[in-house]
Amino acid sequence: MPKTESRPILMAAIYSLWKREILRFVRDRNRLLGSILQPLLLWVLIGSGFRGSFAPSGQTEASYLEYIYPGTMMLILLFTAIFSTISVVEDKREGFMQSVIVAPIHSLGIVLGKILGGTTLAVGEAMVFLVLAPLVGIPVSVDSFVLTVGTLVLIAISMTGLGFRIAWGMESTAGFHAIMNLLLMPMWLLSGAFFPLTGAPDWLAWVMRVNPMTYATAALRRVLYYPDVNPVSDDLPGLAVCLGITALFGLVMAIWSSFVVGDRDRGSS
Amino acid sequence: MSQPAHVDAHQSSPISVTGLSHDYDDRRALDEISLDVSTGEVYGLLGPNGGGKTTLFKILSTHLKPQTGCVRVFGHDAAREAPAIRARIGVVFQRPSLDPKLSVFENLVHHGLFYGLTGSRLKDGAAEVADRLDLRDRLTDRVETLSGGLQRRVELAKALLPDPGLLIFDEPSTGLDPGARKRLWDDLQALREERGVTVVLTTHFLEEAERCDRIGILAGGRMIAEGAPGDLKRSVGGDVMVIQTRFPEDVSEKLKKEMQLSSEIVDGQVRITAERGGELVSDVYRCVGDLAESLTLGHPTLEDVFVAHSGQRFEIGDEDAEN
């Protein structure tokens with residue numbers, strides 16, 4: 001009767017957590033609407049409002065609405081990643097995670113299942129927004145589409161990874177909201193999503209340079225216009241380096257998260 | 001990687017703990033605990049909150065790594081071989097571990113996938129535990145729509161799905177009405193008989209502890225008594241008389257002076273343990289009746305066992321909350 005033949009499979013566990021993420025999302029319409037409507041609203045209001053008032057430095061022909069289009073996409077990814085990982089706080093408090101932790105699978109499987117679930121949702125939402133790209137004069141070709149989706153996946157993984165790591169250390173969702181306002185939103189604001197690095201004062205430009213999200217935004221700008229050069233000169237490294245930094249950040253977050261989930265010295269509850 | 005303990009894992013007793021101590025910062029939660037649980041036994045860890053049973057539960061369920069001492073579950077060292085232990089235990093937590101937005105079936109499937117169950121084995125297994133616990137009609141219902149008692153049964157079904165040899169259950173009756181409580185115990189008894197499952201549970205309900213084959217009483221991080229509930233009660237000896245009074249010292253002194261009866265004051269109550277308490281009761285009433293609010297006589301209960309070993313009433317420890 002003991003089930004010695006049933007070796008727990010990491011992939012099955014990852015799939016299980018991924019599927020749960022999707023099911024929960026589909027069953028919660030508010031989340032679906034909230035994470036896409038808020039950035040959309042921000043995009044239309046800010047983009048239109050700033051249109052005649054300011055011309056971002058380093059920008060030649062793009063309108064502000066076009067300028068913050070990639071930034072809005074970043075915001076959609078960020079919001080979806082946050083909404084997805086905020087459930088980690090509840091899962092830990094309510095006990096769902098306790099039962100997952102004492103299952104016979106490696107903690108990296110738990111982290112990856114959650115990250116991939118959040119990534120799927122984030123990329124899905126960002127792709128809905130991608131439909132609007134031609135409206136602001138961003139031409140979408142097959143090449144740029146494929147590259148954009150790949151880049152979105154990479155960025156979403158690193159954002160969900162960051163969200164997971166933060167959520168795991170939180171006692172309450174209120175704490176997560178505080179971190180969101182104090183860390184994640186400033187990270188987004190200073191990622192070149194809102195204003196370019198070239199026009200910022202020196203000290204701020206340096207803050208932007210050490211912000212990993214800056215390279216994600218830059219990567220997204222580059223692939224959206226591929227094979228053309230994006231109209232904003234931003235003084236940042238090329239696509240490969242930007243993607244590399246984003247991937248490295250995601251990897252570090254996933255491994256770090258796996259480490260804290262597997263830490264039994266503190267009982268992680 | 002060699003795992004010598006794995007070889008005789010099936011013969012090893014479900015739980016063997018020796019000299020286990022655990023500290024949280026500067027507070028000692030467990031102090032030199034030792035216990036053994038044998039196959040098919042229902043073993044209860046009884047104690048007030050703060051007594052250490054939650055910490056012990058976390059260590060046995062591989063949630064927390066043991067600090068000092070040796071903990072073996074089916075022969076596997078809990079400090080180093082958590083994955084091997086996890087594959088063979090089912091854990092039911094005090095707090096709900098189900099996803100309320102998913103159906104009963106989806107919750108079961110989700111759990112089974114973590115234990116290497118797939119395809120028809122997973123579906124059949126889920127249907128079987130659902131049948132066993134009378135959840136067949138509820139499989140498609142979302143967990144959030146179920147009553148507390150039903151949710152608890154789904155928790156149990158989930159833990160049993162991978163067919164564990166040992167079930168570790170934290171406070172089984174918490175939040176259940178008497179009917180659901182009885183039902184849960186009937187299920188546990190039946191499971192033990194049908195599947196030979198060993199059950200270790202924590203509880204702060206005396207009546208729940210009564211139903212265990214053996215109990216270990218934890219207070220202040222120490223195992224203050226261990227044995228079958230009946231044996232423990234008999235060890236107190238004779239009958240127990242409890243006098244409720246506002247003047248415990250006066251009562252105790254008067255009993256000693258006038259009747260040569262020794263008594264104990266425990267949290268404001270005067271307690272007398274005596275053979276043939278029935279014959280004594282009217283004399284005691286005559287002696288101190290005007291100082292007493294009530295006088296009760298009974299055979300020793302588990303509470304009396306607790307009092308005898310800890311010098312405290314059982315409820316008192318309830319005040320300080322556990323970490």
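Mentor: Helices here are DSSP runs of H or I with at least four residues, and strands are runs of E with at least two, numbered from the N terminus. On that basis chain A reads α-α-α-α-α-α-α-α-α-α-α along its sequence. That comes to 11 helices and 0 strands. The model is predicted: local features need pLDDT of at least 70, side-chain atom pairs count only at 80 or more, and totals for chains, interfaces and linings use all residues. Residues are numbered from 1 along each chain as written, with chains lettered from A and ligands numbered from 1 in written order.

Of contacts (C-beta atoms, placed from the backbone, within 7 Å) with a separation of 6 or more, 83% join residues 24 or more positions apart.

Now the close look: the sheet of chain B. This open sheet has 4 strands in the order β2-β1-β4-β5, with antiparallel pairing; strands pair if DSSP finds at least two bridges between them. Its edges are β2 (27-37) and β5 (76-77) of chain B, each pairing on one side only. Inside the order, β1 (residues 15-24) and β4 (residues 68-73) of chain B run antiparallel, joined by 5 bridges. There, B:Thr18 stands opposite B:Cys70 in β4(B). Helix α2 (residues 53-60) of chain B packs on the sheet, touching β1, β2 and β4 of chain B. The direction of α2 makes about 60° with that of β2(B). Such angles run from 0 to 180 degrees between N-to-C directions, with axes fitted to C-alpha atoms, for helices over the stretch in contact.

Notes:
Contact = placed C-beta atoms within 7 Å.
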